[in-house]
Amino acid sequence: MTTSLAGSAFGSLRLDAVADQDALRRVYELPADTAMRKQMTELTERTRRLIGCASLVLVAGADAEGNCEVSPRGGPAGFVAVLGAPTVAIPDATGNERLDTWQNVIATGRAGLLFIIPGRTTTLRMNGRACVSTRPELLSQLTAVGKPPASALVLGIEEVYPHCPKSLPRGGARKPEQWLPADARPTSAEVTPAQLRMPELTTEAIEQAEADALKCRYA
């Protein structure tokens, strides 16, 4: 970061930021026809199989004021249920009980998903209407993460798009030799005390709490 931007980078860069979509398009070439054609409104047999292989999905949403967040959801491959060609359901699992994602879905009725398959560069993007369901007959089907969840996010697909696979190779996701060592600093347990503003917490205590939480992740 240059000295002229330090301390007020966003305010400075916003002054001459791209102002509209026409200005943005002048910076880039038009997308190829294939990039537009592969966007669909429902699942194919192959995209259903991709969802069945995914053990990680990122859920994006925003509240009524436009404040955005992205939250990961994980489980055994296939933990996201396909309820039909235009609908999928993501079971909730034990977590921090903040419910940020679920509250945003209730506020706006919208969500975006990005399915990830570890070891593969394939990703699948999905957007659409969303709701939170506690219907027992649905929850009883969603036991891949252990017992039936307390609720599930249900997404009615409006857009499904096999995403460009370049980002994961660029990030070294498939190259273990580029991964940080397990003891790379800072660790999650080292970051937490500063986030909580509780310096009396020890790294050892937080590491134990994290280990305990993982043990009961699907309990």
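1. A quick definition before we look around: two strands pair if DSSP finds at least two bridges between them. Helices (H or I, at least four residues) and strands (E, at least two) are themselves DSSP runs, numbered from the N terminus. With that in hand, strand S1 (residues 56–62) and strand S5 (residues 110–116) pair in the antiparallel sense over 5 bridges. Val57, for instance, has Phe115 in S5 as its bridge partner.

2. Some ground rules for reading this one. It is a predicted model, where local features need pLDDT of at least 70, side-chain atom pairs count only at pLDDT 80 or more, and totals for chains, interfaces and linings use all residues. Residues are numbered from 1 along each chain as its sequence is written, and side-chain values use heavy atoms, with hydrogens and water left out.

3. Now the overall picture. The protein holds 9 helices and 7 strands, and its C-alpha atoms fill a box of roughly 55 × 55 × 40 Å along the principal axes. Of its 219 residues, 29% count as buried (under 20% relative accessible area with a 1.4 Å probe, protein chains only; exposed is over 50%, and partly exposed lies in between). Take the contacts (heavy atoms within 4.5 Å) between residues at least 6 apart in sequence: 62% of them join residues at least 24 apart.

4. The sheet is the thing to find on screen. It is an open sheet of 7 strands in the order S2-S1-S5-S6-S7-S4-S3, with antiparallel pairing. Strand S2 (68–74) and strand S3 (81–84) are at the edges with a single partner strand each, so one side of each has no neighbour in the sheet. From one strand to the next, the twist averages 35°. Helix H5 (residues 100–108) packs on the sheet, touching S1, S2, strand S4 (87–91), S5, strand S6 (123–133) and strand S7 (152–163). The direction of H5 makes about 125° with that of S2; axes here are lines fitted to C-alpha atoms, for helices over the stretch in contact, and angles run from 0 to 180 degrees between N-to-C directions.

5. Which strand is largely enclosed by the rest of the structure? That is S7, because 9 of its 12 residues are buried.

6. Lys38 lies over the face of its ring at 4.9 Å from the ring centre, and Arg125 lies over the face of Tyr161 at 4.5 Å. To count, NZ of Lys or CZ of Arg must be within 6 Å of the ring centre and within 35 degrees of the ring normal.

7. Ser133 sits in strand S6 and counts as buried because its relative accessibility is 14%. Beyond its neighbours within four places in sequence, Ser133 is in contact with Leu138, Leu139, Ser151, Ala152 and Val154. Thr121 belongs to the loop between S5 and S6, and at 19% relative accessibility Thr121 also counts as buried. Not counting residues up to four places away in sequence, Thr121 touches Pro165, Leu168, Pro169 and Arg174.
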